[in-house]
Amino acid sequence: MSMKKKAEAALLAAHDLNELEELRIGLLGKKGELTAILRGMGGLSAEERPLIGQLANEVRAFIESELEKQKNILMSAARKEKLQAETLDVTMGGRTPRLGKLHPLTTVLNEVKDIFIGMGFSIVEGPEVEYDYFNFEALNIPADHPARDTQDTFYINDNVVLRSQTSSVQARVMQNQEPPIRVIAPGRVYRSDAVDATHSPVFHQIEGLVVDKGITMGDLKGTLEIFMKTLYGEDAVLRFRPHHFPFTEPSAEVDVSCFVCGGKGCRVCKGEGFIELLGAGMVHPRVLERCGIDPSVYSGFAFGLGLERIVMRRMSIDDMRLLYENDLRFLNQF
Ligand code: DAH
């Protein structure tokens, strides 16, 4: 068979581009047949040389054009195969991405914020690493008060603590803002407590503060009543018990009627009919004064409640630790 025929048959039989490249090297490469012929031309006579040279060039041109042809055929076949393999079936059912949801603490905090925003309050924040001054001193908490003990509060140094109450934000707001003041300050607080079902060294409080001319205990009671009824329903009844806080005078602890038994007494309220909910009172004149507000012109009320406590009661959670473990089997229930 002539070299042309042989080459043509071999090229047509090539299955893919790799095989084709191997053939090209075999036919036209340095060690190829054609190169061998050209190399041998030195031994030819002067008449033969141009004839054989011309023939060899013709064969080379033929093989090159056949190679190109075959290459195009194989390439378009490969492209077609690839397109078919990668076909998308747009009618196929998709995979729904799994949506996250809010943590119960966030859900309830958002509700509480909404209720107070509805009454004209603003949301403010303060630092968690706080000066002893704002956490204690400005709030009329004396140096020998048990809350200031290192047993109860985390100290960074003599003047800086991890705030033990969001009441620290009260002092900051009063120092920076002219009355009328109407704010709530939610946030993390820290206490040197051992972890158990109802204690955690880190938990959340929501502080409330109103300062204006002519604010009375009646405003405090009305505000908390609207808050509780919105949160627990119209039937909720509030009970104020006299108490002591250094930064309010008078001070009270506020209970809400048990939402399980409605006040009759049950296991949840331990037979009391009421559940303790928050601390509150009229801002102590000394606190107003220390924060640069004239107590002969202005008065105010304040309150502070624990977010975990509300969430646990709302969602019938009996162990606080569940709120911090981030176990999705637990969290997915809410
Ligand atoms: N800071 C108090 C606590 O952690 C709660 C509290 C009581 C806040 C009375 C107040 C208040 O603003 O008026 O126990």
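The second largest pocket of this predicted model has a volume of about 220 Å³, where a pocket is an open set of points on a 1 Å grid over the protein atoms alone, with protein on both sides within 12 Å along at least five of seven lines. Its lining, meaning the residues that have an atom within 4 Å of a point, is made up of Arg98, Leu99, Gly100, Lys101, Leu102, His103, Pro104, Asn326, Leu328, Leu331 and Asn332. By class, this lining has 5 nonpolar, 4 polar and 2 charged residues; Ala, Val, Leu, Ile, Met, Phe, Trp, Tyr, Cys and Pro count as nonpolar, Asp, Glu, Lys and Arg as charged, and the others, Gly among them, as polar. Volumes are the space filled by probe spheres set on the grid points, which are joined across faces, edges and corners.

Residues are numbered from 1 along each chain as its sequence is written, and side-chain values use heavy atoms, with hydrogens and water left out. In this predicted model, local features need pLDDT of at least 70 and side-chain atom pairs count only at pLDDT 80 or more, while totals for chains, interfaces and linings use all residues.

**The chain as a whole**

- The protein chain contains 11 helices and 10 strands, which are DSSP runs numbered from the N terminus, with at least four residues for helices (H or I) and at least two for strands (E).
- The radius of gyration of the protein chain is 42 Å, whereas a compact globule of 334 residues would have one near 20 Å; the radius is taken over C-alpha atoms, and the globule rule is 2.2 Å times the number of residues to the power 0.38.
- Taken along the principal axes, the box filled by the C-alpha atoms of the protein chain is roughly 130 × 45 × 40 Å.
- Of the 334 residues, 39% count as buried, a term for under 20% relative accessible area, with exposed meaning over 50% and partly exposed in between (1.4 Å probe, protein chains only).
- The accessible surface comes to about 19600 Å², and carbon and sulfur atoms account for 53% of that surface; such areas come from the Shrake-Rupley method with a 1.4 Å probe.
- Among contacts with a separation of 6 or more, 64% are between residues 24 or more positions apart, a contact being heavy atoms within 4.5 Å.

- The structure holds 1 cavity of 30 Å³ or more, a cavity being a set of points where a 1.4 Å probe fits but cannot get out, and the largest cavity has a volume of about 40 Å³.
- Val124, Thr166, Val169, Gln170, Val173, Val183, Ile184, Ala185, Glu207, Gly208 and Leu209 line the largest cavity, with helix H7 (167-176), strand E5 (181-190) and strand E6 (202-212) each giving two or more residues to the lining.
- The residues of this lining divide into 7 nonpolar, 3 polar and 1 charged.
- Helix H7 is mostly covered, with 7 of its 10 residues buried, and these are Ser167, Ser168, Val169, Gln170, Ala171, Val173 and Met174.

**The loop between H7 and E5**

- Glu178 lies in the loop between H7 and E5 and is exposed, because its relative accessible area is 65%.
- The C-alpha atoms of Glu178 and Phe274, which are 96 residues apart along the chain, are separated by 37 Å.
- Pro180 is also found in the loop between H7 and E5, and the peptide bond from Pro179 to Pro180 is cis, with omega near 5 degrees.

**Other backbone features**

- Asn140, in the loop between helix H6 (132-135) and strand E3 (155-157), has a positive phi near 65 degrees although it is a residue other than glycine, and it counts as buried because its relative accessibility is 12%.
- Asn326, one of the residues lining the second largest pocket, has a positive phi near 55 degrees; its place is in the loop between helix H10 (307-314) and helix H11 (328-331), and at 53% relative accessibility it counts as exposed.

**Val112 in helix H5**

- Val112 sits in helix H5 (residues 104-118) and is buried, because its relative accessible area is 0%.
- Not counting residues up to four places away in sequence, Val112 touches Ile206, Phe227 and Leu231.
- The C-alpha atoms of Val112 and Glu19 are separated by 74 Å, and the two residues are 93 residues apart along the chain.
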